[in-house]
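Open the model in your viewer and show it as a cartoon. The stops below go from the sheet to the helices.

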Amino acid sequence: MTENARTPLVDRVDPIRDWSARRTYVAGDFRAEDLVAAKNGRRVSVVLPARNEESTVGVIVSALRAELVERVPLIDELVVIDSHSTDDTAGRARAAGARVVAQGDVLPALGDVPGKGEALWKSLAATDGDVVAFLDSDLRDFDPAFATGLLGPLLTEPGVVFCKGAYERPLDDGRTVLPAGGGRVTELVARPLLATYWPALAGFVQPLAGEYAGTRQALESIPFAGAYGVDIGILVDLFESHGLDALAQVDLGRRTHRHSPDSALAVMAMHQHLAVLERLRRHGRAPDTHPPGDTLTLHRRGPDGGFRAETVEVSPGERPPMCEVRAQLRAGS
């Protein structure tokens, strides 16, 4: 290809800018009172997946309940999915006013596997809202406007079936807080993967954000990747099934949560790769040859001064679309 035959960069970027201009909103643009009127008979569920989050989950639930359940009746059900916590996560959430559901108690005949993906997938069976919003339960400095912002486009914009949170993400290393750098898996793994295989999604500021909302119909129509692959999996699958214009993002300002060690981030990064590989295969864009690896070897320096290898299992799996599960349960009843 000659230099003159190449597509100018500005022409390739413009569609992303066009989408962003149309489908990027600001949380402050939506008032809870207006959204109550816009519900038009629809029910709203807000779900917090939680595992050992006793220090933050109660604060988040209390804020949501006071502002968006009692002051303004925007949220119809506020549910914490307790993913096998060993601390007082369930007690704190219940005391703050959430309905707490143990992950293992939902669809027990289908088994139970560890991870965030399982918690979100099972939450669809444990709730009944026409619109479902997911919020991470480890957020600090939580603002109920997170929920209002995510719900806004879904309740007011025809054709929008999914809305993802966008925000600044400071890096907190326990000693100091830097203004940026908290999304290392996003910048080093997820964003390059999307740029390679789904470049139309480059306009999403935080493709791995744990704060997002969707219509039940859309969420139940797609499979859920296991563990930390669920966030990128939902984004890709809804893009494939509904197109870019059905997806939106909302600026939530600033989001702070706890910092993870590199070893945990490495596992999260592999979850992204496995989720993307599965979607490439499903959409006929990658050969279905050898199965992917299901272990990850981490290297740490041991007490003797040498390196010590630790191999961990990384096989998050996938859950089928919830609409298929419901159909099978009805057929078997």
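In which sense do strand β3 and β4 pair, and over how many bridges? Select residues 77-82, which are β3: this strand pairs with β4 in the parallel sense over 4 bridges. Strands here are DSSP runs of E with at least two residues, helices are runs of H or I with at least four, and both are numbered from the N terminus; two strands pair if DSSP finds at least two bridges between them. Pick Ile 81 next; its bridge partner in β4 is Val 101.

The model is predicted: local features need pLDDT of at least 70 and side-chain atom pairs pLDDT 80 or more, while totals for chains, interfaces and linings use all residues. Residues are numbered from 1 along each chain as its sequence is written, and side-chain values use heavy atoms, without hydrogens and water.

Now show the whole sheet. It is open and mixed, with 8 strands in the order β1-β12-β7-β10-β5-β2-β3-β4. From one strand to the next the twist averages 25°.

Angles run from 0 to 180 degrees between N-to-C directions, with axes fitted to C-alpha atoms, for helices over the stretch in contact.

Last, select α2 (residues 32-39) and α6 (residues 145-156), whose axes come within 10 Å and cross at roughly 35°. Contact (heavy atoms within 4.5 Å) involves Ala 32, Leu 35, Ala 38 and Lys 39 of α2, and Thr 148, Leu 151, Gly 152, Leu 155 and Thr 156 of α6.
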